[in-house]
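Here is a short briefing on a protein structure. Look at the sequence and the model, then work through the points below.

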Amino acid sequence: MIGNLHLIIDVCLLAFLVLIVFAVMKVTNLFVATMLFGIFSFVTALLFLDLDAVDVAFTEAAVGAGFSTVLMLAALRLSGAVENAKHRHSALGLFIVVLTGAALIYGTSDFPNMGDANAPVQLHLAPEFIQLTQEKIDIPNVVTAVLASFRGYDTFGETVVIFSAGVAVLLLLGMGHVEPKNEPEQNMVLWVVVKPFIALILIFGLYVQFHGDFGAGGGFQAGVIFASGMILYSLVFGEGYARKVISSRILPRLAALGVLIYGVTGLASLLWDKPFLDYNALSSNPVSGQHMGILLVEAGVGLAVFATVLLIFYSFSGVNHNE
Amino acid sequence: MIISFLSDICLLLGGFFTLTGALGLLRFPNFYSRLHAASVTESLAAPLLITGVILDTGLTLDSAKLVLIILIMVIANPTITHALCRAAAHGGVNPEMRLKSSEKKQSQTDTELSSKESK
Amino acid sequence: MIAAAVVALLITLALTLIRAFLGPSIYDQILAVNSFGTKTVLLIVVGGHALDWFSYVDIALMYALVNFVGTLAVMRFFEQYKPEGEQSS
């Protein structure tokens, strides 16, 4: 019964994905297309959950359904919301796409089946990571261990990439300046309800940040959730007041501080004659050194992601504020 | 076990109300009535389904978090309903209902009769 | 019994999708998208308990919050955009 349930859920969700994509192709209003893409992210995250990839589902929901939708809507507010008229159809384009797709599908026929117990990753890498995590790091969440410790250099690169995205948006758009508007109190229900919600979201963000060793979570998800709380405040009370709470001047510095924390944690182990980002050097006991290292780098990642996400949102919402 | 029986009842009722809410969302003729039907799901079916899962789980940290989810849903979703209703009312969605064809003929003959009487 | 609840939720998701495609006005589509998010939260809770997903409660909690923020964002940006005219699909 449970095996059948897995199959039913997978088939239904994959069918939903196809339906949503067809709907996005047919719809001409871009607001609706953006909302449908939000649903697409929800369904994809459900599929990830069904495949037991919990951290990926977490990040997909936080980024895909939350932040990405908000960002595209903010961009649509500035550009038009109706798709341009369709150009003439191209047979050559269709032929090339079909040929490439067929080549890709033919190439995947060599892969092992999904979840095959004899795939190389299950035989070599996965057992080694699971065993090493238990011996050397001793935290329940293997994904966090791989992300922050075994592949910590790669995660450092990812953090720098996120920071560069923030820098690029700053160079292109700048954050602008928005005055707080003294609107009459038109929506009391929203104002009253949203205030405790913002507190809840911020506390939940902190919980996800520090609980990432034991359950699903980590720095990336926590940064996005934290920023979603601030975005909620900005949506309901106006961008002007949000900029008074967290000023636009401090955000780039916070992002840089996050990357700096990560880098300094790596550099600190150089002081004890160990390689870069080797957390064993951070304490007399290697396992507690690993714990300390993971805590610090996750804090750095969370700070950098939070500041960059909020910075990008401020940039998009601060452009050409004409009403 | 009585708790297991209660959990089954809650899940069954929750599933039933979810289905009726979705059916109402699909079949009602007007935006405001669809809004009302959809809010059945979040106010009634969600607490029932989650209560069913809580009864099945027992008293752990997970069930405390599930109670928090119920609270969030019961507060957030009616707020969204309210905000959507206000936005639609400002946006000009008409709260009139479409008449069925028999009622249309009846109202047409009524207006004809009343116009004849006024002449 | 819990499998029946999961199947009911899947059918509900399909029906809500139909309304999201059809809806004559944009507000119908916003309503359907928000409803889809709520059903997703329920599916995570019920399906996570049935299929024993790891740490499903945290994800359901986050989904409920993200759904709230996303729908408020859509409404806010739509009403700021609306003076230039709205078109349904």
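Buried residues account for 40% of the 323 residues in chain A. This is a predicted model. Chain A holds 12 helices and zero strands. Its C-alpha atoms fill a box of roughly 60 × 50 × 40 Å along the principal axes.

**Overall build of chain A**

- From the N terminus on, the order of elements reads α-α-α-α-α-α-α-α-α-α-α-α.
- Take the contacts in chain A between residues at least 6 apart in sequence: 70% of them join residues at least 24 apart.
- Where the two domains of chain A meet, 13 residues of domain 1 are in contact with 18 residues of domain 2.

**Where chain A meets chain C**

- In this interface, 49 residues of chain A are in contact with 44 residues of chain C.
- Five elements of chain A give two or more residues each to this side: α1 (2-26), α2 (30-50), α3 (54-78), α8 (188-210) and α9 (219-237).
- The largest share comes from α3(A), with 12 residues.
- By class, the chain A side has 38 nonpolar, nine polar and two charged residues.

**Helix α12 of chain A**

- Helix α12(A) covers residues 286-317.
- How far apart are the end C-alpha atoms of α12(A)? They are 46 Å apart, which agrees with the 46 Å that 32 residues should span at 1.5 Å a residue.
- Of the 32 residues in α12(A), 24 are buried, so the helix is largely enclosed by the rest of the structure.

**How α9 and α12 pack**

- Two packed helices are described by the angle between their axes and the distance between the axes.
- The axes of α9(A) and α12(A) come within 7 Å and cross at roughly 35°.
- This crossing of α9(A) and α12(A) is right-handed.
- On the α9(A) side, the residues making the contact include A:Phe220, A:Val224, A:Phe226 and A:Met230.
- On the α12(A) side, they include A:Val301, A:Val305, A:Phe306 and A:Phe313.
- The residues of this contact between α9(A) and α12(A) divide into 13 nonpolar, three polar and one charged.

- A:Leu311 sits in helix α12 of chain A.
- Is A:Leu311 buried or exposed? A:Leu311 is buried, because 25 other C-beta atoms lie within 10 Å and the cut-off for buried is 20 or more.
- Beyond its neighbours within four places in sequence, A:Leu311 is in contact with A:Gly166, A:Val169, A:Leu170, A:Leu251, A:Pro252 and A:Ala255.
- A:Pro252 is 59 residues away from A:Leu311 along the chain, yet their C-alpha atoms are separated by 7.2 Å.

**Two loop residues with positive phi**

- A:Asp52 is not a glycine, but its phi is positive, at about 70°.
- A:Asp52 lies in the loop between α2 and α3 of chain A.
- With 13 other C-beta atoms within 10 Å, A:Asp52 is partly exposed.
- A:Asp138 is also a residue other than glycine with a positive phi, near 65°.
- The loop that holds A:Asp138 runs between α5 (120-137) and α6 (142-150) of chain A.
- A:Asp138 is partly exposed, with 13 other C-beta atoms within 10 Å.

Key
Residues are numbered from 1 along each chain as its sequence is written. Chains are lettered from A and ligands numbered from 1 in the order in which they are written. This is a predicted model: local features need pLDDT of at least 70, side-chain atom pairs count only at pLDDT 80 or more; totals for chains, interfaces and linings use all residues. Two residues are in contact if their C-beta atoms, placed from the backbone, lie within 7 Å. Helices (H or I, at least four residues) and strands (E, at least two) are DSSP runs, numbered from the N terminus. Ala, Val, Leu, Ile, Met, Phe, Trp, Tyr, Cys and Pro count as nonpolar, Asp, Glu, Lys and Arg as charged, and the others, Gly among them, as polar. Axes are lines fitted to C-alpha atoms, for helices over the stretch in contact, and angles run from 0 to 180 degrees between N-to-C directions. A crossing is left-handed if the near helix is turned anticlockwise from the far one by less than a right angle, and right-handed if clockwise. A residue is buried if 20 or more other C-beta atoms lie within 10 Å of its own, exposed if 12 or fewer, and partly exposed in between; C-beta atoms are placed from the backbone. The expected span of a helix is 1.5 Å times one less than its number of residues.
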